[in-house]
Amino acid sequence: MLKRHECVDLISEHVLAMHASKELSALDAAASFERSAQAEAAEEVQVTMGREVMGALEFVRGNALGVEEQREGFLDKSWQMMGYTQFRPHWCSVGGGFFWYYDYHTTDAPALHFENPERVLCLLKAQVSVVEEEAAGAEAKDAQQHPAGCCFLLEAPDYARTFRAESPQVCMEWVKAIIVHTRQFLGNPNSSFSPARLRTNAYWFVDGETTFQAMYESMSNAKYRIFITDWFLSPQVFLCRPANSTGPRPPDEYRLDIVLKKAAERGVLVYVLPWNETKIALNLDSEYVKECLEGAHKNIRVLRHPITFPIKWSHHQKSLVVDDCVAYVGGLDLCYGRWDTSEHTLVDAGTTQRWPGKDYYNPFHNELDQVDQPWEDATDRSTKPRMPWHDVHLKIEGDAARDVAFNFIQRWNHHKVAVDASVPYIAPTTPSNVSESLSHGCRCQIVRSIAEWSGGMGRGKEKSIYQAYLSAIEAAEHFIYIENQFFISSLAGQVVRNRIAEAILKRVTRAIESCEVFRVIVVVPVYPEGTFKESASIRYIMKWQFETISRGGHSLLEQLYAAYDKETVDQYISFYSLRNYGFLGGNAVTEQIYVHAKLLIVDDRTAIIGSANINDRSMFGDRDSELGAIVDGGAQVTSSMNGRPYRVSDFVHRLRLALWVEHLGMEMSQRPLLADPISDHIYHGVWKRTADANSAIYKSIFAHDYFVPHTREVQRLLNETRGHLINFDLEFLIDSPLAPTMTDLDIVLTSDDVFT
């Protein structure tokens, strides 16, 4: 006879094998799973199992599609005292993928379910099994008072406890409920912790102005609690910056710390997870964040992680969750330098500063330090331009937002134990405190990179963002559009292992061989954030990126040029950057617009938006923690691909058009002109032609420096630029050594994986 947990393992293996045998797109697997997987799995194992365990299997089948089993009540929890195992009554709850409990000595249920549970356990990697009381270590006298089958053992990474119910029947009900939550994400596309949510209200944002405005409104309307994760967080950053402000800077009511303080004063619980940065590499002053925010109100709690190790990796997730039903994910941290408009202005020298103090920042000229002095300029605004910031962010509602909340709760509770922090555990909300399922919207799946150090995954890790990228690229029919801060992949050499560039190479090769009209457009920064002239680390990152794209002998373009003529290859794939100009102190100045978005669009049908860069650090799960979302489906519209009618996702199509209108300097009313991204007229006549023209103008004016005297001729030429699009310079620093020397100790004393 199989044990109950072994039965469910059989179901798991069967469903996973079934999905592996089919070629399903990232989110179509969810629909297939809904239709058949559970029924087929249960039918398969029914032959070999007795009637006793089929009740548990029927229960799993009915709940594994997101209908969560909520259960609460008293259980006795084992604990050790002077070498003996004893049991003590606890009020226990299971729901939302977690098991948590409170130490109670009375028989009355606790009045509040959100205050200081004794422990909250993520069930993602948990196992549960019925055990005899003697096996739990209880004294024989105590064990004789309870019938057999009343105890179950709950195990998770770094956790094992025995719980005792009042009867075998109640024990089995708890086991069934826990099984649902350990297996509720079984068979998800991309091996994600999250299923594909079929009805999700989703809203995209391009650049910081509209993103921060929406975040401000959501936090201002919070009723219960707020979760924030960031790589870098600045308490005094302004979320809204009215153009008609009359003071030296925007009104304080729009500052992040003030917004959170007001929410806390309303009774909202605020939880913040900043990365506890590696001080030897950079100082984001997360300690100041903790002091500032926790000093503002007792309802604000800040948990910094890790204490020391791993020093090579970071928490790179950027998320905001409000009341567990609204969430934001994408590329934007709530910090200095990220707020920007679609104009991407270089200069801010007026009496009212839209980028006050540290917010006026250009990493090419200086590092950002002393962030605890917010109103002192980081960059001399009278002589140097700021570096504009381009990004993409996403707002989602409903069950997908709850998945983002799950990620936060899992991380918070893991970090609390890991650093032994004196902060409360967080439990999931009950359904009455979150929005009901929506009847419309897009399909959305939350994907991430997370491992033991970053989220308590035991020996496992999740790299569902990486798997989603590979699946989407392979499934592309006509068009791949990428915006990313980095483009470092395995074609650069054996040190780099992610195969995203290789997947693009294979898809382009297939298109060329089949004589398809197929386009790949990649938009990346001119150079990484920092000063490549002085920083060996920045140059080393550039080395890996160029050897992925165009140098080193095995790069993406070199392999294509070796197989096909350049004119043919240029029909299929090309690389771009963004740049702008302004006027400062009688000079014309230029600066790149820093591409920080982490975006993949395929066929105007699928978008992946998140925090993950295209490199091993972001994609491999056991390095930087990352968070993102796959969005497709929803309302469909008829567009065209190479002049032929083609049905696309309205959400994804409008996002791509908004980006292109900005990059090409067009009006929003002209969006229909850009509907077909692969036609010769758009790809060559508009996109490439604009990039070529802008690049030629910038090279003719700023060939030797970022500023020149502002003459009539310079003004005439700059007036001819359109938008911000330029060609990515494949020849940039081609004659300069980018590899480190033995004197570059910041590289020599570490390992290559830090930079890749």
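Strands here are DSSP runs of E with at least two residues, while helices are runs of H or I with at least four, and both are numbered from the N terminus. Please keep in mind that this is a predicted model, where local features need pLDDT of at least 70, side-chain atom pairs count only at pLDDT 80 or more, and totals for chains, interfaces and linings use all residues. Residues are numbered from 1 along each chain as its sequence is written, and side-chain values use heavy atoms, leaving out hydrogens and water.

D103 has 32% relative accessibility and so counts as partly exposed (between buried, under 20% relative accessible area, and exposed, over 50%, with a 1.4 Å probe and protein chains only). Beyond its neighbours within four places in sequence, D103 is in contact with R88, P89, H90 and E118 (heavy atoms within 4.5 Å). With R88, the D103 side chain makes a side-chain to side-chain polar contact at 3.2 Å; such a contact is a pair of N or O atoms within 3.5 Å, one able to donate a hydrogen and the other to accept it. P89 lies 14 residues from D103 along the chain, and their C-alpha atoms are 6.8 Å apart.

Now turn to a pair of helices. Helix α12 (residues 500–513) packs against helix α14 (residues 556–563) at an angle of about 25°, with axes 10 Å apart; axes are lines fitted to C-alpha atoms over the stretch in contact, and angles run from 0 to 180 degrees between N-to-C directions. α12 and α14 are therefore roughly parallel (angles under 35 degrees). From α12, the contact is made by A501, I504, L505, V508, T509 and I512, and from α14 by L556, Q559 and L560.

Notes. Parallel < 35°, antiparallel > 145°, perpendicular 65-115°, else oblique.
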